[in-house]
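Subject: Structure handover

Hello,

Here is the structure, for you to open alongside this message. My notes on helix packing and salt bridges follow below.

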Amino acid sequence: MQISFLGLELKKVGVEYHLLHEGSPITTPLGTPVKSMKKALINAIKLELECEEEANLELLGYYSLFCTQVDFIDTDKFQPTKENFREYIFNDLKNLLTILILMTCNSFCYIHT
């Protein structure tokens with residue numbers, strides 16, 4: 001996604017909160033609008049995207065988790081096979097390792113400051 005995420009707008013439509021950019025909905029890579037009944041979730045995605053130059057689905061974050069949930073899990077498009085199972089596990093382990101390293105660094109910095 002090569003758009004500037006500055007100026008994203010959180011808009012309530014009925015009981016849902018939508019994430020808009022210049023009046024148009026922000027979508028997942030498969031075209032699902034970013035919307036939820038949980039204002040805190042959409043606000044967290046908004047804040048995350050505003051801190052980035054572009055959306056990166058390879059990093060674990062609110063936006064990537066939201067995209068995975070609505071594009072694959074909610075729609076039953078996530079069908080792991082024997083062939084791609086190793087790739088899913090490797091990516092999950094890589095993300096877990098990154099989180100553990102960050103947590104360790106943060107704990108170390110907290111203890112020594």
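The axes of helix α1 (residues 39–50) and helix α2 (residues 62–73) come within 8 Å and cross at roughly 125 degrees. Axes here are lines fitted to C-alpha atoms, for helices over the stretch in contact, with angles running from 0 to 180 degrees between N-to-C directions. The two helices are therefore oblique to each other; angles under 35 degrees count as roughly parallel, over 145 as roughly antiparallel, 65 to 115 as roughly perpendicular, and the rest as oblique. On the α1 side, the contact (heavy atoms within 4.5 Å) is made by L41, A44, I45, E48 and L49, and on the α2 side by Y62, Y63 and F66. These residues divide into seven nonpolar, no polar and one charged. For that division, Ala, Val, Leu, Ile, Met, Phe, Trp, Tyr, Cys and Pro count as nonpolar, Asp, Glu, Lys and Arg as charged, and the others, Gly among them, as polar. Helices (H or I, at least four residues) and strands (E, at least two) are DSSP runs, numbered from the N terminus.

This is a predicted model, in which local features need pLDDT of at least 70 and side-chain atom pairs count only at pLDDT 80 or more, while totals for chains, interfaces and linings use all residues. Residues are numbered from 1 along each chain as its sequence is written, and side-chain values use heavy atoms, with hydrogens and water left out.

The structure holds two salt bridges, a salt bridge being a side-chain nitrogen of Lys or Arg within 4 Å of a carboxyl oxygen of Asp or Glu.

The cut-offs are under 20% for buried, over 50% for exposed and in between for partly exposed (1.4 Å probe, protein chains only).

The other joins K46 and E50, at 3.0 Å from N to O. Both lie in α1, four residues apart, which separates them by about one helical turn. K46 is buried, at 15% relative accessible area, whereas E50 is partly exposed at 26%. Beyond its neighbours within four places in sequence, K46 is in contact with L8, E9, L10 and L19.

Regards
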